[in-house]
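Good morning, colleagues. I would ask you to look at the model on the screen while I go through a few of its local features and then its overall make-up.

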Amino acid sequence: MRRPPFLAGAVHLVLASIPVPPADQQPSSAPPFAEPRTIVVPTPAAEVVIYAHAPPGLVAELEADPGLLAFSHPDVARSYLSRIAANPQGTVTAAYPRGRRLLLGYVGVLTPDPELRWGMAKVPGLLELASIELSRSWRGLGLSNHLLELTFNDPWFEDKVVISNKFVWHWDLEATNLSKWKYRVVLRRLLHRVGFKEMLTDEPNIRWDPANIFMVRVGPRAPGTLLRRFDELLYLGP
Ligand SMILES: CC(C)(COP(=O)(O)OP(=O)(O)OC[C@H]1O[C@@H](n2cnc3c(N)ncnc32)[C@H](O)[C@@H]1OP(=O)(O)O)[C@@H](O)C(=O)NCCC(=O)NCCS
């Protein structure tokens, strides 16, 4: 996957951007282990199976559709996703036509990129929606909405904070013919629907392009310690 242009800064500025519950808040009752779930979405081309918490074996068996372009080669996408699926702190939602071993879309959530401030801090319960992609041949069918809904309508996320860095340099502007501003509106609306809200941060990669979006989904049972540590990361200053 293409990299952001540079890495995180330092120091600290307080931002009261998220509500912080009292320190004595009880730990959540969200399930510690992810439960696989599936739905079937009828489309004109095929019935599409969407599989949340897809097991690594399933992900490894699916041949990546050539219209998946976020990675240098579709097979790179497949091995990247298999590794996320095998990680207990990660989860993959995979979409494939019923009866065929063809990966046509995916959502990947895992611990944040260790090269950026969110990952360097190693905050337990802080995850990142790292990728969402539909093959160019399977877009416009409502599948990304279904992928996101099945992924996040899940008690596993109740005690977690999930960030999403949406960088312009990852967007498929060429295929959609949208300006980056219009693309931004589409992505913002997609994520908003599953509980993400845009937040301000001085993280340099986000600030690199004003169209970049930083969105955050705070689980209703996210513990106070997690919220405080996350809040401290939003503004680190120069
Ligand atoms: C962005 C992306 C995931 C959308 O997937 P999709 O399955 O085609 O989207 P859907 O059909 O579920 O549509 C979702 C919403 O986006 C809108 N949308 C999708 N493509 C659009 C386009 N080219 N122009 C305008 N609106 C568009 C739809 O109208 C729909 O809005 P609604 O729910 O309010 O009706 C897909 O285009 C993609 O994989 N792009 C490349 C990778 C990428 O940019 N990932 C995200 C950033 S990392």
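Proline 210 sits in the loop that links α7 (204-207) with β10 (213-218). Helices here are DSSP runs of H or I with at least four residues, strands are DSSP runs of E with at least two, and both are numbered from the N terminus. This is a predicted model, in which local features need pLDDT of at least 70 and side-chain atom pairs count only at pLDDT 80 or more, while totals for chains, interfaces and linings use all residues. Residues are numbered from 1 along each chain as its sequence is written.

Is proline 210 buried or exposed? Proline 210 counts as exposed because it has 11 C-beta neighbours inside 10 Å. The terms are as follows: with C-beta atoms placed from the backbone, a residue is buried if 20 or more other C-beta atoms lie within 10 Å of its own, exposed if 12 or fewer, and partly exposed in between. Between proline 210 and valine 168 the C-alpha to C-alpha distance is 9.2 Å, with 42 residues separating them in sequence.

I turn now to strand β7. In β7 (residues 126-134), 9 of the 9 residues are buried, so the strand is largely enclosed by the rest of the structure. Strand β6 (residues 105-110) runs antiparallel to β7 and is joined to it by 6 bridges; two strands pair if DSSP finds at least two bridges between them. With strand β8 (residues 161-166), β7 pairs in the parallel sense over 3 bridges. Here glutamate 128 has isoleucine 163 of β8 as its bridge partner.

The next topic is the ligand. The shell around the ligand has 10 nonpolar, 6 polar and 5 charged residues; Ala, Val, Leu, Ile, Met, Phe, Trp, Tyr, Cys and Pro count as nonpolar, Asp, Glu, Lys and Arg as charged, and the others, Gly among them, as polar. Each of β7, α4 and α6 (180-192) supplies at least two residues of this shell. Which element gives the largest share of the shell? That element is α6, with 4 residues.

Finally, the chain as a whole. The chain holds 8 helices and 10 strands. Of its 238 residues, 37% count as buried.
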